[in-house]
Amino acid sequence: MQLTQGDYGEAYLANRLHIGQIHQQIGLEPRWYMGAYSIYMQLAFPRVMTAFEHDLGKGQRIFLALLKIITLDTELAITTYIAASEEIISSQSREILEIATPVVQVWSGVVAAPLIGTLDSQRAQQFTERLLERIVEMRASVALVDITGVPMMDTRTAQYLLEAISAVRLLGSQVILTGVRPAIAQTLVHLGIDLSNVATRPSLEAGLRLGLDMLELQVLHRDGKR
Amino acid sequence: MDTHIPQVVVTMTEWEQRKKFVGFTDEDAQLLQELGPVADMYVDEVVEGLYRQFLSFGET
């Protein structure tokens with residue numbers, strides 16, 4: 001669709017957006033098509049002026065019209081490019097969120113959810129959702145939430161954790177908070193977070209033992225000793 | 001890579017606003033249409049110039 005075709009309505013807009021999409025897909029960066037437009041203007045200018053030398057005023061108005069449509073085209077190209085890039089970024093962050101919140105079954109009726117990294121509100125929500133989904137899916141009555149990989153604990157993170165724990169309880173399951181390091185324990189006390197209703201264990205292993213115990217199971221050594 | 005791009009990145013309303021902002025009027029559309037036959041004459045030269053320029057830059 002040409003720059004000079006005369007109708008700049010819906011079909012033109014759709015065409016330009018489509019071209020922008022193709023540019024993005026083939027990896028043609030904005031600098032190349034902006035450069036191309038610049039070269040176009042440089043080559044077209046003398047030709048337009050020569051063609052309208054009998055009416056330079058008109059030649060000028062035509063050239064300005066060309067400048068406007070090229071600017072509009074460029075805007076569309078950049079808008080499409082940015083929209084596509086933003087889409088990539090958001091799909092990647094969705095992916096990262098999913099990778100970052102695994103919930104795995106470690107025993108029949110027991111799921112483990114290792115938390116790694118800082119917990120912001122979006123992640124906390126994602127985490128709680130996945131945890132609840134998996135608990136229902138696996139018919140788990142015990143969920144081990146392991147915070148070994150949580151670098152630091154603040155009031156907000158603790159609040160998110162407590163909310164997740166309450167939500168699990170509403171499903172009738174129990175949460176065991178594992179991987180509570182001494183520093184985190186101190187911080188929790190210092191922040192005045194009340195975890196007295198929550199079973200906590202220093203390690204995932206200790207948490208699993210407690211979980212199995214809750215299910216009235218125990219791991220025995222082959223010789224019969226625990 | 002299959003990237004999903006939102007279908008409507010720019011709505012017609014926004015497109016009209018953008019045209020208004022740069023002062024693109026019906027007269028401009030008319031002028032561009034008048035440029036058509038002239039552009040047809042220089043288009044080959046421009047395309048050739050573009051290719052020359054692109055080819056002289058190895059990265060493309």
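**Figure 1. The contact between chain A and chain B in the predicted model.** The contact draws 33 residues from chain A and 30 residues from chain B. On the side of chain A that touches chain B, the elements that give two or more residues are helix H1 (10-26), helix H2 (30-51) and helix H3 (56-100) of chain A. H3(A) gives the most to this side, with 16 residues. Sorted by class, the side of chain A that touches chain B comprises 21 nonpolar, six polar and six charged residues.

**Figure 2. Helix H1 of chain A and its buried residues.** H1(A) has 17 residues, and from its first C-alpha to its last it reaches 25 Å, close to the 24 Å expected at 1.5 Å a residue. The buried residues of this helix are Tyr12(A), Leu13(A), Arg16(A), Leu17(A), Gly20(A) and Gln24(A). They lie on the same side of H1(A) because they cover an arc of only 130° around the axis. In general, an α-helix has 3.6 residues a turn, so residues three or four places apart point the same way. Ala11(A), Ile22(A) and Ile26(A), on the other side of H1(A), are exposed.

**Figure 3. The cover over H1(A) and the residue that follows the helix.** The buried residues of H1(A) are covered by elements that include H3 of chain A together with helix H1 (12-21) of chain B. Gly27(A) follows H1(A), and the phi of Gly27(A) is positive, near 80°.

**Figure 4. Chain B and its secondary structure.** Chain B contains two helices and zero strands. Of its 60 residues, 15% count as buried. Helix H1 (12-21) of chain B is among the elements that cover the buried residues of H1(A).

**Figure 5. The open sheet of chain A.** Five strands form this sheet in the order S1-S2-S3-S4-S5, and their pairing is mixed. Strand S1 (104-107) and strand S5 (199-201) of chain A are the edge strands, each of which pairs on one side only. On average, neighbouring strands of the sheet are turned by 30° against each other, direction ignored.

**Figure 6. The pairing of strands S4 and S5 of chain A.** Strand S4 (residues 174-178) of chain A pairs with S5(A) in the parallel sense, over three bridges. Ile176(A) has Ala199(A), in S5(A), as its bridge partner. S5(A) is one of the edge strands of the sheet.

Notes: Residues numbered from 1 in each chain as written. Chains lettered and ligands numbered in written order. Predicted model: local features only at pLDDT ≥ 70, side-chain atom pairs only at ≥ 80, totals over all residues. Contact = placed C-beta atoms within 7 Å. Helix = DSSP H or I, 4+ residues; strand = E, 2+ residues; numbered from the N terminus. Nonpolar A, V, L, I, M, F, W, Y, C, P; charged D, E, K, R; others polar. Expected span 1.5 Å × (residues − 1). Buried ≥ 20, exposed ≤ 12 C-beta atoms within 10 Å, placed from the backbone. Arc of directions from axis to C-beta. Pairing = 2+ DSSP bridges. Axes fitted to C-alpha atoms, helices over the stretch in contact; angles between N-to-C directions.
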